[in-house]
Amino acid sequence: CGIFGVVGLSDAANFVALGLHALQHRGQEAGGIVSYQPDQGFNSARRFGYVRDNFTKQSLMETLPGQLAIGHVRYSTAGSKGPTAIRDVQPFFGEFSMGGAAIAHNGNITNADALRREMIDRGSIFQSSSDSECIIHLMARSLQRDIPARMEDALRRVEGAFSVVAMTRTKLIGVRDPLGVRPLVLGRIGDGWCLSSETCALDIIGAEYVREIEPGEMVVITAEKGVESHHPFRPARPRFCIFEHVYFSRPDSIIGGRSVYETRRQIGVELAREAAVDADLVCPVPDSGTPAAIGFAHESGIPYGMGIVRNQYMGRTFIEPTEQIRNMGVRLKLNVNRALIRGKKVILVDDSVVRGTTSRKIKEMILDAGAKEVHFRIASPPTAWPCFYGVDTPQREKLLAATMSEDEMCAHLGVDSLRFISLDGLYRAVGEAGGRDPDQPQYCDACFSGEYPVEPADMIEKGFQM
Ligand code: 5GP
Ligand code: SF4
Ligand code: MG
């Protein structure tokens, strides 16, 4: 998901809408905005579909006045059962003593089931099936005397991955979990401030990038007093999601001082060193494979070409929540450039293989178009484990790499060769010259390694075996 918040600018909701539009790649099912205006209180709008189709209408934006607003774009992740219901669309908002608050959450709370049961037993009335709603109820139950302190209280009970943008009647609040699994950055615009999942959304509104919110940090921001920093959690060694670098973030964002594009290009360079193959053409599977393909072509000296063309009017295939839509999705979205492919040995570069659906379809299309050979090169290690921290990977049984070796996957996909970047190669590409530290990995890489930095308590209760 993507989150964005603004304080200290009139018509803050309009800026939030623009920010969410730039974060649309992080979630396309639905979006929502909450704003606060003293004479009206909190207002909210939550809609299915793209930001541009909803939050551009003047009639809607007029209902979201004020200098303080937050927003969220959503895609459903682990634990959600199929397509989103409108009641699960964030931000969530609640009135309780000390005034109300609204929150937008990116990540996944790994002990949400247990917390929900406990609070329902004690009388809480839940409005949604979302794990994120727990935070609001924990805040409402806290005995602290101001809302930021209640939020600290609440978040100390929550486990898992959370980047949160929240608002009270006067304050914008941003928090990252102690491991800093999901991103969150701070920006400055005129007399105002903003919080965003990624820097690309600061660019769209002309905000200046200030810094990242640190893992385990909570910032409380007002237009008058600026940014106040708190550290409510016990310090821990950060474990940022390495998959943000590979796929999830936009290539024009900066993470940890590094250009995401440059990291992806470097992944391609590493991949060409690790898994060279004789061929005539390097093609990306657009768009997610593009920077790695550019790096691969550069390093190998094999020409780069657009062998597959993407229809710009389709969203990300993977994010479509049902199997049926996903299956159609590949054809609706990608087509082969026959004139370029015919008679050639082709290297296809993609970011990941999850179920294998995309790769299988693409291989068929490429062979139909008359390619002589098809070699897959993948910009991440085999995805053998589900993510429980906010990226939508399917159950373990559905992951190709959970049950098959690399050779078996190659045979299953019916390609001439299939190679994945090594974990060490990936770490080098993100800037860790010495590779992965096996004792204390510098990132979360659980979907590749099976080493979960936070125990997924709810899933273990449901029978998941680590
Ligand atoms: P598959 O077709 O193998 O199930 O999925 C792989 C494709 O889904 C890749 O092309 C990748 O770009 C895309 N994808 C989109 N979202 C995600 C995600 O959240 N995780 C992973 N691993 N791949 C994703
Ligand atoms: Fe990111 Fe994978 Fe960790 Fe999930 S399991 S947070 S996708 S690295
Ligand atoms: Mg892709």
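## Helices α9 and α10

The axes of α9 (residues 260–274) and α10 cross at roughly 45° and come within 6 Å, where axes are lines fitted to C-alpha atoms, for helices over the stretch in contact, and angles run from 0 to 180 degrees between N-to-C directions. On the α9 side the contact includes Tyr-261, Arg-264, Ile-267, Val-269 and Leu-271, and on the α10 side it includes Pro-291, Ile-294, Phe-296 and Glu-299; two residues are in contact if their C-beta atoms, placed from the backbone, lie within 7 Å. The crossing of α9 past α10 is right-handed, a crossing being left-handed if the near helix is turned anticlockwise from the far one by less than a right angle, and right-handed if clockwise.

The model is predicted, so that local features need pLDDT of at least 70 and side-chain atom pairs count only at pLDDT 80 or more, while totals for chains, interfaces and linings use all residues. Residues are numbered from 1 along each chain as its sequence is written, and chains are lettered from A and ligands numbered from 1 in the order in which they are written. Helices (H or I, at least four residues) and strands (E, at least two) are DSSP runs, numbered from the N terminus.

## Ala-297 in α10

Ala-297 is found in helix α10, which spans residues 290–300. Ala-297 counts as buried because it has 22 C-beta neighbours inside 10 Å; a residue is buried if 20 or more other C-beta atoms lie within 10 Å of its own, exposed if 12 or fewer, and partly exposed in between, with C-beta atoms placed from the backbone. When residues up to four places away in sequence are not counted, Ala-297 touches Val-282, Ile-302, Pro-303 and Tyr-304. Tyr-247, which is 50 residues from Ala-297 along the chain, has its C-alpha atom 19 Å from that of Ala-297.

## Domains

The protein chain is divided into domain 1, covering 2–238, and domain 2, covering 264–433, with bounds that come from an automatic or database domain assignment. Taken over C-alpha atoms, the centres of domain 1 and domain 2 are separated by 34 Å.

## The six-stranded sheet

An open sheet is formed by six strands in the order β5-β6-β7-β8-β12-β13, with antiparallel pairing; two strands pair if DSSP finds at least two bridges between them. The edge strands, each of which pairs on one side only, are β5 (92–94) and β13 (226–230), and the twist from one strand to the next averages 20°.

Along the β5 side, β5 and β6 pair in the antiparallel sense over three bridges, with Phe-93 having Ala-102 in β6 as its bridge partner. These two strands form a hairpin with six residues between them, and Met-98 in the turn has a positive phi of about 75°. Strands β6 and β7 are joined by eight antiparallel bridges, and here Asn-106 stands opposite Ser-163 in β7. Strand β6 is largely enclosed by the rest of the structure, because nine of its nine residues are buried. At the β13 end, five bridges join antiparallel strands β12 (residues 218–222) and β13, and Val-219 stands opposite Ser-229 in β13.

Helix α5 (residues 133–141) lies across β5, β6 (101–109) and β7 (160–167), and runs at about 130° to β6. Seven of the nine residues of α5 are buried, and the helix is mostly covered; among the buried residues are Glu-133, Ile-136 and His-137. The buried residues of α5 pack against β5, β6, α4 (112–121), α6 and β7.

Helix α6 (residues 147–157) packs with α5 at an angle of about 125°, with the axes 8 Å apart, and the two helices are therefore oblique to each other. α5 passes α6 in a right-handed crossing. In this packing Ile-135, Leu-138 and Met-139 of α5 meet residues of α6 including Met-151, Ala-154 and Leu-155.

## Cys-134 in α5

Cys-134 has its place in helix α5 and counts as buried because 25 C-beta neighbours lie inside 10 Å. Leaving aside residues up to four places away in sequence, Cys-134 touches Ile-109, Ala-112, Leu-115, Arg-116 and Val-158. Glu-299 is 165 residues from Cys-134 along the chain, and the C-alpha atoms of Cys-134 and Glu-299 are separated by 48 Å.

Notes:
Parallel < 35°, antiparallel > 145°, perpendicular 65-115°, else oblique.
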